[in-house]
Amino acid sequence: GFFYFLLMTAIFNVILILENQIIITIIAGLIALGIGTLNIKDFFIFKKGPTLSIPEEKKSYLFKQIRRIAKMPYLYGLIIYTIILAFTVNTIELLCTLGLPLVYTKILLTYNLSLFQYYLYLIIYNVLYVIPLFVIVVIFIVILKRWKLSEWQGRLLKLYSGVMMLSLGLILIIDPTVLHHVFSAIGLLLISLLITFLISIIWKKKFPPDVTTNK
């Protein structure tokens, strides 16, 4: 959350310095369209071609470092290496996760707020960003110790995030004021979920279950 806050602060200041907000909005929309398209591609063509997923070799490195940190006998060393690992992971995942912070920061700047209020909203975003991750970790630790995300479930997550980012990109290019209304944002999430559900149903009917679930 802290490293995300630093990233969003950097994005915020860059956008704030630049004067042509229309061009920035279009650029943010195009980036969101690109990220959304790649994520949707990963649903239909998994592990082939360009992708924003973490490369397998990077995953092996991260897992190795996590196991090394878990075995450290000293608390201070554990904290320091955890911070270094967090920075490394955020750097590797930068392209995967740049879309939403960029879109959020751009939309935030369409409001006439004080500098303090802008930073307060950035902090709120990052707090809300961390809470569900924390809940997921607790659930895995307490309930789902041996459960592993299947390939099919991972592809569904890619599809949902892709549809959502694609929709955000189109809205930013066509009419960013739509996102000023909270019900529009909620509607976007629900519509993206519905589209994902419908596509997954059609895909499962077209292909055998043993192929889509990677059994």
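Predicted model: local features only at pLDDT ≥ 70, side-chain atom pairs only at ≥ 80, totals over all residues.

Me: How many helices does the protein chain have?
Reply: Helices (H or I, at least four residues) and strands (E, at least two) are DSSP runs, numbered from the N terminus. Along the sequence the pattern reads α-α-α-α-α-α-α-α-α-α. The chain has zero strands, and its helices number 10.

Me: What percentage of the residues of the protein chain count as buried?
Reply: Buried means under 20% relative accessible area, exposed over 50%, and partly exposed in between (1.4 Å probe, protein chains only). The areas come from the Shrake-Rupley method. Of the 215 residues in the protein chain, the buried ones make up 29%.

Me: How many salt bridges does a search of the whole structure find?
Reply: A salt bridge here is a side-chain nitrogen of Lys or Arg within 4 Å of a carboxyl oxygen of Asp or Glu. One of them joins Lys 41 and Asp 42, at 2.8 Å from N to O. Searching the whole structure gives a total of three.

Me: Which residues are linked in a network of salt bridges?
Reply: Asp 42 meets Lys 41 at 2.8 Å and also meets Lys 158, at 3.3 Å from N to O. Lys 41 and Asp 42 are both buried, and Lys 158 is buried too. The network therefore consists of Lys 41, Asp 42 and Lys 158.

Me: How many residues apart are Asp 42 and Lys 158?
Reply: Their side chains meet in a salt bridge of 3.3 Å, N to O. This pair links distant parts of the chain, with Asp 42 in helix α2 (residues 21-44) and Lys 158 in helix α8 (residues 151-174). The separation in residues is 116.

Me: Is Arg 155 buried or exposed?
Reply: Arg 155 forms a salt bridge with Glu 151, their closest N and O atoms being 3.9 Å apart. Both lie in helix α8, four residues apart, about one turn of the helix. Glu 151 is partly exposed at 22% relative accessibility, whereas Arg 155, at 6%, counts as buried.

Me: Where does Arg 68, a member of the positive patch, lie?
Reply: The patch of positive charge on the surface gathers Lys 64, Arg 67, Arg 68 and Lys 71. Patches are made of residues with over 30% relative accessible area and no salt bridge, like charges being joined within 9 Å. At 48% relative accessibility, Arg 68 counts as partly exposed. Its place is helix α3 (residues 56-70).

Me: What kind of aromatic pair do Phe 43 and Phe 44 form?
Reply: The structure holds 11 aromatic pairs. Rings of Phe, Tyr and Trp (its six-membered ring) pair if their centres lie within 6.5 Å; planes under 30 degrees apart count as stacked, over 60 as edge-to-face and the rest as tilted. Phe 43 is buried at 0% relative accessibility, while Phe 44 is partly exposed at 35%. With 4.9 Å centre to centre and 85° between the planes, the Phe 43 and Phe 44 pair is edge-to-face.

Me: Which residues do ring pairs link into a cluster?
Reply: Phe 43 and Phe 44, whose ring centres are 4.9 Å apart, both belong to this cluster.

Me: Which helices hold Tyr 104 and Tyr 125?
Reply: The rings of Tyr 104 and Tyr 125 have centres 4.5 Å apart and planes at 40°, so the pair is tilted. Tyr 104 is partly exposed, at 23%, and Tyr 125 is buried, at 16%. The pair ties together parts 21 residues apart in sequence, namely helix α6 (residues 99-108) for Tyr 104 and, for Tyr 125, helix α7 (residues 115-142).

Me: How far apart in space are Val 163 and Thr 196, C-alpha to C-alpha?
Reply: Val 163 is found in helix α8 and is buried, with a relative accessible area of 7%. Val 163 and Thr 196 are 33 residues apart in sequence, and their C-alpha to C-alpha distance is 7.4 Å.

Note on methods:
Residues numbered from 1 in each chain as written. Heavy atoms only, no water. Patch = residues over 30% accessible without salt bridge, like charges linked within 9 Å, V, L, I, M, F, W, Y side chains within 5 Å. Areas by Shrake-Rupley, 256 points an atom, 1.4 Å probe, with all protein chains shown as cover. Lys, Arg positive; Asp, Glu negative; His and termini not counted. Charge placed at Lys NZ, Arg CZ, Asp CG, Glu CD.
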